Amino acid sequence: MVSELQQRMQESFQENVSEEYLMDCMRCGFCLPACPTYLATNQDETHSPRGRISLMKAMRDGDVVWDGSVEEAFDMCLGCRACEPACPAGVQYGVLIEETRVAVQQAKPQGGVEKMVRKAAFDGVFADQKKMASTVKLVQFYQRSGLQATTRKIGFLNLFPPFMKEMEGVLPKVESKKKRTMLEKPKTTQVAFFTGCLMDTLFQETNRKTIELLEWLGAEVILPKEQQCCGALHGHSGELEKGMRNAKANIDAFDSDDYAFIVNNAGGCGAFLSEYGKHLQSEPQYRKKAERFSRKTIDISSLFVRLGMNLQLKAMTAEEGAIVTYQDSCHLRNVNKVFLEPRSLLQDAPGFEYKELIDAGSCCGSAGIYNLLQPEMAKKILDLKMKGVKELQPAKIITSNPGCLMQMQVGIQQEGLEKEMQAVHIVDFLHEVVQKNQN
Amino acid sequence: MKNPFISIVGAENVKDSQAHLLAYSYDATANFQAMPDLVLSPKNTEDITEIVKICAKEQIPIVPRGSGTNLAAGTVPNQGGIVLLFNNMNKILELDKENLTVTVQPGVITQDLSIYVEQNGLFYPPDPSSMKISTIGGNVSENSGGLRGLKYGVTKDYVKALTFVAPDGEVMKLGGKLAKDVAGYDLMSLLVGAEGTLGVITEITLKLIPLPVTKKTGIAYFNSMEDAAKTVSAIIANRIIPVTLEFMDKGTIGAVEDFMKIGLPREAEAMLLMEQDGNDEQVDEDIQKMIAIAEENGATSAILAASEKEADILKTGRRAALSALSRKRPTTILEDATVPRSEIAKMVKAIQEIAVKYDVQINTFGHAGDGNLHPTCLTDVRDKEEMERVEKALEEIFQVAIELGGTITGEHGVGEMKAPYLEWKLGASGMKLMRNIKQSIDPQNIMNPGKIFAKEMKKRLVIHNG
């Protein structure tokens, strides 16, 4: 017997998941070796892109009915989109998994707590930069007041998955503003800075250093005030409409001819920003503006390269020292196809020897808030990643996204390697290199 | 049903959730799908023996499955039963440097094996386009070919020994690390390409050869398909046997370019990829000759790939051709009709005419050098009327291939998809002999039932060619 929920779920899939996109998949299986969950589950087809696409289609066609196993198959997807560059048929997996999440979200009854958390997160904190700031102030307060120690004792965090506890342990210390430490050059170009909600709060230091480096390279940095969280978290959680609310606010905030680039320093945000144009295709009022916004979007490494940072780095002399490596941000690599630029900067950084991490392009398991929702699978994937790290033994693991940064830090901590290595955002790394070697 | 199997392989290796049954209901063949009852991941030959014994007693179908990249519906469980996976049997067991063999479990990924032996200065030539994900077990069961088939042959030319569980649970070791062996019928070869219909292969010993010192790749573009086909014949007639002589038509070039963005000329009507390996001198000589032959036969451009990296990119593009073609229409149905290589130009021409005759879109790529083409119909399964025309076109391609002395499948296997056409190639007496063999080895028909042997044969077409 098909239950009411199962009926509703099938209809929701029919309504939300595009048949045409599903038909693009010819099931050749070329995506399988690119999928971290397929590999981490010893080749379980239900945890592969081909398997999930088949399940989406089967949900539409009524070949399966909604149950725990089908739900798990979709939940287990990292959304890293490594399958997209691997797919010769050009299947838009990112769109399909987002549509699937919308379909599930719309048809699924939510428990009271989940509803409340979702509402608070997506309508509250991540929708409003001021709220984000005050939430972060809470975190700050929590860290400094000694409450951190107390709650740890009380075991409040035991209510959360074990992974969240580890995550909490690596949250960066939120710092207050510091004085400028770098020389500036005459301004030759103007760029607008998309600060990102997490980056602007938990990673304020990194944002400050981003601005300093850009100014050092001769850019004038503009910070439009009305900017919001990019909306990626909403989009990836089946709340695409709420994500688009943020998108429109950002498009309006950055609607100016004064600058050619809108730069970001978080791979996950950057990919979503670059897809505003695609998502708002059917909205005549925003379509053109959204496309323009997405065209101007650029990640920080690519902009550094364009502003000639490589030459500057090459001109500095220092003796080759510790090994530095790079863990790709999935969305920066798979969606924006940016992977050479950060590597070129690291290769040119004086005082370090760049070495490639095994499977650097494969997800670390952070994937937005995946590590909180699917702690077991996230750990399996992180363990695979750390195997390569232990082989390479770098002094620094460079990342381009806050989630990856924290995840790699967790990995280092789990392996007890804190004394030997650090996970560092590429901006923080370059800032230190430049500061040490300028003049 | 599942309890006896849990006690054999452990609960974690028995899957019967709805999601699992659906995820193992298909392979890479368009329009074929059927749910199994259970998905099992045995750990060793003993597990498989126990599983087969229960299945024999209970008459449960067994479908061995590698990575499900099959292109003839050979791993679709069309009568339900058990899908047998080899994800727990994926170890390289032994590299024998004195006998130049490697022994592996069936679940080893083809490319992993290839890289492993090359790191040891040895060479395993069969390289199906899906090698990045296909398994050796699947390759052996399908007798897969690849891009290097012209010079080095196909999977069957490298199988030296097999461990095999017969449908009654009996374990046999067939063949050996021997250069010569004529003791009795060649039962080992019977299992290669049997598509899992005679038993389960659980261990494989493969022949290796020394890794060639060097290789070089040439690329030629043409204004017509015929010129490319003439070039292929001329190369062979000039006594050159290249490793690779691959062909792509205009539509395929465009689709691959859409995927790879490597600057292939979309306006070219045809492209040939020509590779030779061996010692430096021979490779240089052969490649220069092939480029000259291409120019003599009307190539608009014929050049040497700038680097090994560029050559690798081009080969990756060629391997992705089928999947890339599926960008164009919702459904891709491909064939691998094969003709003697002297007939390649005639076959190419016939395919073009058939496409026009039935008003269907066919793009062709393939292993031109060994006469193995992959005409691919781009269509939409939801359009019943078009699908009828597609089927007629494909039938006519089979027919023409057989008339030219060819076969209905060169390397993909018969599976469920081509079973209705097998008699066209083998004749009634050939089918009878095959049935007798199947009957004597698997009297209960539990091993991958519904494959190779169709319930009904298609009536052979009568064609009047001009």
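A: L55(A), I62(B) and L272(B) touch the most other members of the largest nonpolar core, which has 250 residues. Such a core is a set of buried Ala, Val, Leu, Ile, Met, Phe, Trp, Tyr and Cys residues joined through C-beta atoms within 7 Å. Buried means that 20 or more other C-beta atoms lie within 10 Å of the residue's own; 12 or fewer means exposed, and partly exposed lies in between, with C-beta atoms placed from the backbone.

This is a predicted model: local features need pLDDT of at least 70, side-chain atom pairs count only at pLDDT 80 or more, and totals for chains, interfaces and linings use all residues. Residues are numbered from 1 along each chain as its sequence is written, while chains are lettered from A and ligands numbered from 1 in the order in which they are written.

Take I62(B). Leaving out residues up to four places away in sequence, I62(B) touches V52(B), C55(B), G81(B), I82(B), L84(B), V200(B), I446(B), M447(B) and N448(B). Contact here means C-beta atoms, placed from the backbone, within 7 Å.

Now the meeting of the chains. In chain B, 27 residues contact 27 residues of chain A. On the chain B side, α2 (18-23), α9 (250-260) and α12 (321-325) each supply at least two residues. α2(B) gives the most, with five residues. Helices (H or I, at least four residues) and strands (E, at least two) are DSSP runs numbered from the N terminus. This side of chain B has 13 nonpolar, eleven polar and three charged residues. Ala, Val, Leu, Ile, Met, Phe, Trp, Tyr, Cys and Pro count as nonpolar, Asp, Glu, Lys and Arg as charged, and the others, Gly among them, as polar.

Next, chain A. Of its 439 residues, 50% are buried. Chain A has 26 helices and eight strands. One of the helices is α13(A), residues 204-216. Its 13 residues should span 18 Å at 1.5 Å a residue, and the end C-alpha atoms are 18 Å apart, so the two agree. The expected span is 1.5 Å times one less than the number of residues. Buried residues of α13(A) include E205(A), K209(A), L213(A) and L214(A). Their cover includes β1 (189-193), α19 (300-306) and β8 of chain A. Just after α13(A), G218(A) takes a positive phi of about 95 degrees.

β8(A), residues 422-425, pairs in the parallel sense with β7(A) over four bridges; pairing needs at least two DSSP bridges. In β8(A), A423(A) is the bridge partner of I397(A).

Conventions: Contact = placed C-beta atoms within 7 Å.
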